[in-house]
Protein chains: 2
Amino acid sequence: MLYIVGLGLGDERAITVRGLDAIRICAKIYMEACTSLLSLGLDPSALPNLEKLYGKEITVADREMVEERADQVLREAADADVAFLVVGDPFGATTHTDLVVRAKNMGVDVKVIHNASIMNAIGVCGLQLYRNGETISIPFFTETWRPDSFYDKIQNNRRLGLHTLAYLVHIRVKESTWESLCRGKKVYEPPRFMTVNTAISQLLEVEEAHGGSVHGRDSLCIGLARLGSDDQKIIAGPMVKLLDVDFGPPLHCLIIAGVTHPLEEEMLEFYMIKW
Amino acid sequence: MLYIVGLGLGDERAITVRGLDAIRICAKIYMEACTSLLSLGLDPSALPNLEKLYGKEITVADREMVEERADQVLREAADADVAFLVVGDPFGATTHTDLVVRAKNMGVDVKVIHNASIMNAIGVCGLQLYRNGETISIPFFTETWRPDSFYDKIQNNRRLGLHTLAYLVHIRVKESTWESLCRGKKVYEPPRFMTVNTAISQLLEVEEAHGGSVHGRDSLCIGLARLGSDDQKIIAGPMVKLLDVDFGPPLHCLIIAGVTHPLEEEMLEFYMIKW
């Protein structure tokens, strides 16, 4: 049996009792890469905290391992109970559909243990989740790569009065640089986390380039950092006012508000920046 | 401090370790009505199971109590640690924004402990959550009340190729009947849970009335029952083929698929009804 266990958000104690039960009967425990640890607010050196609570040794599976050695993990799961731990929910922001499909095709039973995801935890800011439109991802712009396909999606959502959740998830951990690949070497870049500030500045740049009126300096946004942890930070305000707010360590995400309702506004008021 | 603790989905062991920690330091524990117990797959008589795991006595707060006596609960939370337990996530399908706003206005500190919600657990069927449009609710039709405002929302979503999650949440528990209110008595109806079958039959009726082409007998839907529990049931297929499928006990929900991607289809295939 392959248990895919959602670890939730915040720290190691966000795991469910069901999840703990599963881990404790498993012969082998895998956990996806360091980025996950970081988004649990943990330095990779804090892995022992998880192992202590869970009572098991954890093999950290970086992205290469998940892609290259998934079949090995699945073969193990064919004969024994194996757990694969993922931050948030197994089908939240980062989905593990491919792993489930491979497992089922190999005849390996899969059990999913759900947990909180960024997708539902953002509701804490007061905006109603059912009024979210399509979710977008905002990647880091480079000199030569400034993709803006999210622009049309924001426009569609705003035309319908809906909110837009933006993942700021372009994280590079243990990815080879282009240069090092050319030289045939694997050299890894340090992780780069996108901030609310960078995301907003890119959004404003794209809006200017389109000369449109989808959103602007005065559009209401909500920046959210480290959701679910004790030091989570949520600040709402016009885009331009959030440009210089320090949201602190990762992970960040951003919501571009659509039409807001009175109850949503009452709650947002608690998070509104003064200007 | 008021702790609003998400209990997750499935059974009492879906609670997080953080949630358990909170409950165990609280002087008083409230839990929202019987409907919640039922959606945890539990008969109200199973309340002792929760109390045993949590190690605390639980006061079940029905809808009247939450609305009429919230201030009393909040006054208790001003002086002591009080937990309010909600099924799923505190800001998922049923939001508790109003309780948080009232608490903050009274100067009571609030701590939210997130958990899985129907909103993210539906990802288990293979459809990607980021491709969901606005969420709709489908209420029970009566002889004289057949609201269809959800129709335009499905249309908007499908025009954009997005999936539509439909809550089937018209549950009547301890609500007075119209007749009994007229007589000045409080007589309560038994709970009524909407099934996937009823929802689809109402959707087809509304489509016929509009004479449109938003969805039809052959539109791909996914019915989901008791998500997160050991006997959850997920079946995908054309609307008309799901009309007679027995999804078993509550709670049910329904997804009307938009444009599907290959990885989504690979996963859906495991749940597809044979016809």
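Of the 275 residues of chain A, 47% count as buried, a residue being buried if 20 or more other C-beta atoms lie within 10 Å of its own, exposed if 12 or fewer, and partly exposed in between, with C-beta atoms placed from the backbone. The structure is a predicted model, in which local features need pLDDT of at least 70, side-chain atom pairs count only at pLDDT 80 or more, and totals for chains, interfaces and linings use all residues. Residues are numbered from 1 along each chain as its sequence is written, while chains are lettered from A and ligands numbered from 1 in the order in which they are written.

Chain A contains 11 helices and 10 strands; helices (H or I, at least four residues) and strands (E, at least two) are DSSP runs, numbered from the N terminus. Two residues are in contact if their C-beta atoms, placed from the backbone, lie within 7 Å. Among the contacts in chain A between residues at least 6 apart in sequence, 75% join residues at least 24 apart.

One sheet of chain A is open and consists of 5 strands in the order S3-S2-S4-S1-S5, with parallel pairing. Two strands pair if DSSP finds at least two bridges between them. At the edges stand strand S3 (59–61) and strand S5 (110–113) of chain A, each of which pairs on one side only. Neighbouring strands of this sheet are turned against each other by 25° on average, direction ignored. Axes are lines fitted to C-alpha atoms, for helices over the stretch in contact, and angles run from 0 to 180 degrees between N-to-C directions. Within the sheet, strand S2 (residues 28–32) and strand S4 (residues 82–86) of chain A pair in the parallel sense over 4 bridges, and A:Met31 stands opposite A:Leu85 in S4(A).

Helix H9 (residues 196–210) of chain A has 15 residues and reaches 21 Å from its first C-alpha to its last, close to the 21 Å expected at 1.5 Å a residue; the expected span is 1.5 Å times one less than the number of residues. The buried residues in H9(A) are A:Val196, A:Ala199, A:Ile200, A:Leu203, A:Val206 and A:Glu207. Seen down the axis of H9(A), these buried residues fall within an arc of 125°, so they line one face of the helix; the arc is that of the directions from the helix axis to the C-beta atoms. On the other side of H9(A), A:Glu208 and A:Ala209 are exposed. The cover over the buried residues of H9(A) includes helix H7 (150–159), strand S7 (164–167), strand S8 (220–225), helix H10 (239–242) and strand S10 (252–256) of chain A. After H9(A) comes A:Gly211, whose phi is positive, near 60°.

In chain B, 5 strands form an open sheet of mixed pairing in the order S6-S7-S10-S8-S9. Strand S6 (136–137) and strand S9 (233–238) of chain B are at the edges, each with a single partner strand, so one side of each is left without a neighbour in the sheet. S6(B) runs parallel to strand S7 (residues 164–167) of chain B and is joined to S7(B) by 2 bridges; B:Ser137 stands opposite B:Tyr167 in S7(B). Helix H9 (residues 196–210) of chain B lies across S7, strand S8 (220–225) and strand S10 (252–256) of chain B, and runs at about 40° to S10(B).

Particular backbone features were also examined. The peptide bond from A:Pro250 to A:Leu251 is cis, with omega near -5°, and A:Leu251 lies in the loop between H10 and S10 of chain A. In chain B, the peptide bond from B:Pro250 to B:Leu251 is cis, with omega near -5°. A:Arg226, although not a glycine, has a positive phi of about 55°. This residue, A:Arg226, is found in the loop between S8 and strand S9 (233–238) of chain A, and counts as buried because 21 C-beta neighbours lie inside 10 Å. B:Arg226, in the loop between S8 and S9 of chain B, has a positive phi near 55°.

The contact between the chains takes 45 residues from chain A and 46 residues from chain B. On the side of chain A that touches chain B, two or more residues each come from helix H1 (17–25), helix H5 (97–105), helix H6 (118–121) and helix H11 (262–268) of chain A. H5(A) gives the most to this side, with 5 residues. By class, the side of chain A that touches chain B has 20 nonpolar, 16 polar and 9 charged residues, where Ala, Val, Leu, Ile, Met, Phe, Trp, Tyr, Cys and Pro count as nonpolar, Asp, Glu, Lys and Arg as charged, and the others, Gly among them, as polar.
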